[in-house]
Amino acid sequence: MRKIEAIIKPFKLDEVREALDEIGVNGLTVTEVKGFGRQKGHTELYRGAEYAVDYLPKMKIEIVVAEALVDGIIETIIRVARTGKIGDGKIFVTRVEQVVRVRTGETDEAAL
């Protein structure tokens with residue numbers, strides 16, 4: 001099993017979720033996060049005063065799936081979340097040792 005974590009721009013979340021639903025992803029976790037990479041933040045003007053925004057809003061999507069599904073999910077996220085501009089995000093894939101469904105006690109792929 002693998003855990004896919006994707007950091008994307010907030011306005012792309014609904015499109016990505018719908019595209020993942022179309023390819024059969026039936027569960028995911030979404031978290032509002034802030035961070036910076038090459039974008040390095042930006043400055044904004046508020047009531048005539050300029051101020052720095054160091055951390056930019058992003059969305060983190062987490063999905064745990066069987067290994068066979070990983071490549072299709074990554075391709076879908078890239079296709080839908082890409083704007084071609086800096087700050088489109090990143091995707092991280094890690095191994096998952098064990099999964100347990102709390103309600104039933106099912107483990108591993110049966111718990112997905």
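Visitor: Why is L112 called partly exposed?

Guide: In this predicted model, L112 has a relative accessibility of 36%. L112 is found in the segment after strand 6.

Visitor: How many Å separate the C-alpha atoms of L112 and T83?

Guide: These C-alpha atoms are separated by 31 Å, and the two residues are 29 residues apart along the chain.

Visitor: What makes D108 partly exposed?

Guide: D108 has a relative accessible area of 32%. Buried would need under 20% and exposed over 50%, so D108 is partly exposed. D108, too, is found in the segment after strand 6. Its phi is positive, about 50 degrees, although D108 is not a glycine.

Visitor: Why is D88 called buried?

Guide: The relative accessible area of D88 is 16%. The cut-off for buried is under 20%, so D88 is buried. D88 sits in the loop between helix 2 (70–81) and strand 6 (89–95).

Visitor: What lies 2.9 Å from a polar atom of the side chain of D88?

Guide: The backbone nitrogen of G84. A polar contact requires a pair of N or O atoms within 3.5 Å, and the distance here is 2.9 Å.

Visitor: How do you know that E18 is partly exposed?

Guide: E18, in helix 1 (residues 13–22), has a relative accessible area of 43%. That value lies between the 20% and 50% cut-offs, so E18 is partly exposed.

Visitor: Which residues gather with E18 in a patch of negative charge?

Guide: D14, D21 and E22 gather with E18 in this patch on the surface.

Conventions: Residues numbered from 1 in each chain as written. Predicted model: local features only at pLDDT ≥ 70, side-chain atom pairs only at ≥ 80, totals over all residues. Heavy atoms only, no water. Patch = residues over 30% accessible without salt bridge, like charges linked within 9 Å, V, L, I, M, F, W, Y side chains within 5 Å. Areas by Shrake-Rupley, 256 points an atom, 1.4 Å probe, with all protein chains shown as cover. Salt bridge = Lys/Arg side-chain N within 4 Å of Asp/Glu carboxyl O. Lys, Arg positive; Asp, Glu negative; His and termini not counted. Charge placed at Lys NZ, Arg CZ, Asp CG, Glu CD. Helix = DSSP H or I, 4+ residues; strand = E, 2+ residues; numbered from the N terminus. Buried < 20%, exposed > 50% of the residue type's maximum accessible area, 1.4 Å probe, protein only. Polar contact = N/O pair within 3.5 Å; in protein donor to acceptor, adjacent residues only side chain to side chain.
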